[in-house]
Amino acid sequence: MSFITACCQISEEACAVNGNVIVRKDEQSADSWFKQLYKELALDYPKFYKMDMLAQAGFLASEFIKKAFPELVSSYADDEIALLFANSESSSDTDIRFKESFQKRKSPSPSLFVYTLPNIVLGELAIRNKFYGENMFAVFPKFAPEFFLQYGSVMLATGSKAVLAGWLNILKGKVEVSVFLIEENKADGLPFNKENIIKCVGLADQA
Amino acid sequence: MTYIGAEEIISPLGQNIQENFLAVCENRSGISLVPKVGFNNEDLHLAKMTSLTAEKKFEFLLVDMLENISVQIDPSVISSTKTLIILSSTKGDLDRDISNPFDPAVGALVKHFNLKNQPIIVSNACISGVLAINAANNFIKAGFYDHIIVIGCDVISDFVLYGFQSLFAVSALPCLPFDKNRSGITLGEGCSAVVVSNTKEIFKNLPLELLSGTSANDANHISGPSRTGEGLYRTIQKTIRQNNISADEIDFISAHGTATIFNDEMEATAFDRLNMANIPLNSMKGYFGHTLGAAGVMETAISMRMMRNNLLIKSLGYSEAGTSKSLNIATENRPSELNTILKTASGFGGCNASLLLRKL
């Protein structure tokens with residue numbers, strides 16, 4: 001039996017781990033919201049600043065989960081944690097910026113272009129954590145809890161021991177981020193079912 | 001057992017699988033010099049479908065593809081409640097709506113064919129096609145669906161072309177996969193599909209067996225291939241182990257072979273590490289260009305035709321070894337007993353995927 005053992009949600013105003021708000025956006029700060037969250041983590045990972053917002057979103061949420069569970073990465077072999085992410089906006093936020101780079105500024109930006117694929121966030125998480133496991137990024141018109149349930153189960157049945165899953169929507173200032181961890185045989189989590197996926201992602205109205 | 005069949009392709013080389021396979025058998029390429037398409041108005045080689053001019057070209061390709069598929073299988077399968085469509089695409093119909101590149105076309109497809117399940121769009125860079133076929137197999141084995149139609153589709157846009165130009169990754173000549181003089185990709189466009197099913201009887205022609213496939217990340221770089229080919233090495237090793245297959249049982253490798261210096265070198269390194277350097281291998285990019293999200297499906301479809309015809313198709317554009325580890329690249333078409341084929345793909349985000357096909 002598998003369980004959701006941790007989740008992190010980030011909205012435009014707050015960041016919560018396992019349902020408890022741990023950071024609220026400081027409107028007075030000169031830093032962007034994601035920079036505030038990065039500083040809260042007190043990490044030394046300058047690559048964060050090169051990432052687009054979609055990759056930053058996945059990075060921040062997964063780091064908050066790791067902070068709550070420091071043994072997470074070390075308790076699995078390097079190919080046992082699968083990455084299962086989805087959204088409804090693909091990489092549109094960065095796509096729009098890249099299009100502006102060649103249409104308005106007349107200079108297509110290679111550093112933006114490499115982020116014009118939604119699965120780049122999976123690459124960033126793999127690099128950060130040395131994850132060599134399975135990858136899947138899918139796009140849906142709206143939040144699709146059934147997909148996480150079905151494909152999460154598939155991944156656990158085909159060799160992965162844990163699944164780091166995420167619903168990440170970033171577009172024109174919208175921040176709708178949820179990352180959750182699915183593990184097997186851990187009694188201290190929520191049973192991995194549709195109801196609890198909806199609860200973790202916090203989008204009951206869409207599902 | 002999972003079956004795979006009803007392979008189809010729409011590309012610059014033809015409107016159906018027969019026309020496309022005939023073209024590759026004759027070693028004809030869909031690549032041509034297209035005037036003034038580059039960012040600086042330069043002429044560039046592309047595998048472009050000149051017939052595709054409609055604003056809704058992405059949607060039309062999907063609809064045409066499903067029409068093609070419907071004559072190759074029991075037509076009632078398409079609108080069955082036990083059938084799912086998985087679309088593999090990197091950029092969808094980005095020119096129509098950059099903020100919403102998939103929905104309008106997919107919505108039209110659902111309506112046109114009265115599809116019962118919401119299609120899943122796999123958008124995982126250049127492994128999307130192979131990953132989508134593997135996902136189809138996994139979904140069927142888990143009992144969630146009986147049949148899955150995997151459609152891979154991407155069209156050429158200024159967006160993608162200028163992007164690859166900004167990375168200095170576009171070849172001045174038609175691409176030369178694995179060749180010493182290779183210098184980058186040639187972009188292509190098109191649509192391809194395969195049907196994955198637990199029921200042999202839905203296929204009008206005898207299907208093949210689809211063995212379980214896997215994926216693996218390089219955990220190395222978001223846009224540069226791993227120097228050691230780590231992710232490709234790992235996915236192939238996982239795939240052959242899961243199926244209890246040894247390297248000497250593989251008759252042929254349909255490689256990714258984009259014709260960038262680093263990608264092809266990475267693939268050669270991985271195949272060498274796996275003791276697979278002697279297995280005959282090709283890249284189809286010299287025929288179709290790099291069709292991104294469609295490539296994995298298209299190259300699987302061609303591999304299936306190669307198996308059905310026991311014909312090894314030469315790797316177009318290759319003449320002189322150009323990787324530090326030597327490979328057995330097919331330099332001419334030749335009859336060959338092809339019972340088991342390995343298909344691989346690698347892409348941005350450090351992702352790699354592989355699958356195995358076997359004759360029944």
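These legends describe close-up views of the pockets, the chain contact and the cavities in a predicted model. Residues are numbered from 1 along each chain as its sequence is written, and chains are lettered from A in the order in which they are written. Local features need pLDDT of at least 70, side-chain atom pairs count only at pLDDT 80 or more, totals for chains, interfaces and linings use all residues, and side-chain values use heavy atoms, with hydrogens and water left out.

**View 1. The largest pocket lies between two domains of chain B.** A pocket is an open set of points on a 1 Å grid over the protein atoms alone, where a 1.4 Å probe fits, with protein on both sides within 12 Å along at least five of seven lines. Its volume is the space filled by probe spheres set on the points, which are joined across faces, edges and corners. Here that space comes to about 780 Å³. The lining, meaning residues with an atom within 4 Å of a point, counts 42 residues. Nearest the centre lie S223(B), G224(B), P225(B), T260(B) and F348(B). In chain B, helix 5 (158-166), helix 7 (261-273), strand 14 (340-347) and strand 15 (351-358) each give two or more residues to this lining. Helix 7 of chain B gives the most, 6 residues. Helices (H or I, at least four residues) and strands (E, at least two) are DSSP runs, numbered from the N terminus. Domain 1 (3-202) and domain 2 (208-358) of chain B both contribute to the lining, so the pocket sits between them. The domain bounds come from an automatic or database domain assignment.

**View 2. The second largest pocket has lining residues from chain A and chain B.** Its space is about 310 Å³. Of its 17 lining residues, F140(A), A144(A), E146(A), F147(A) and Q118(B) lie nearest the centre. Helix 6 (residues 145-157) of chain A gives the most, with 4 residues. The lining has 11 nonpolar, 3 polar and 3 charged residues. Ala, Val, Leu, Ile, Met, Phe, Trp, Tyr, Cys and Pro count as nonpolar, Asp, Glu, Lys and Arg as charged, and the others, Gly among them, as polar.

**View 3. Chain B meets chain A.** The contact (heavy atoms within 4.5 Å) takes 50 residues from chain B and 48 residues from chain A. The buried area is about 4,000 Å², and carbon and sulfur atoms give 63% of it. This is accessible area (1.4 Å probe) that two parts lose on being put together, summed over both. In chain B, F159(B), A219(B) and I222(B) lose the most area to chain A, together 15% of what that side buries.

**View 4. Salt bridges cross the interface of chain B and chain A.** A salt bridge puts a side-chain nitrogen of Lys or Arg within 4 Å of a carboxyl oxygen of Asp or Glu. The rule finds 3 across this interface. K238(B) pairs with E134(A), their closest N and O atoms 2.9 Å apart. K238(B) belongs to helix 6 (residues 230-242) of chain B, and E134(A) to the loop between helix 5 (120-129) and strand 5 (135-139) of chain A. D95(A) and K91(B) also form a salt bridge, at 2.7 Å, N to O.

**View 5. The largest cavity is lined by residues of chain B.** A cavity is a set of grid points where the 1.4 Å probe fits but cannot get out. Its space is about 50 Å³. Among the lining residues are K57(B), K91(B), D93(B) and D95(B). By class, the lining has 3 nonpolar, 2 polar and 4 charged residues.
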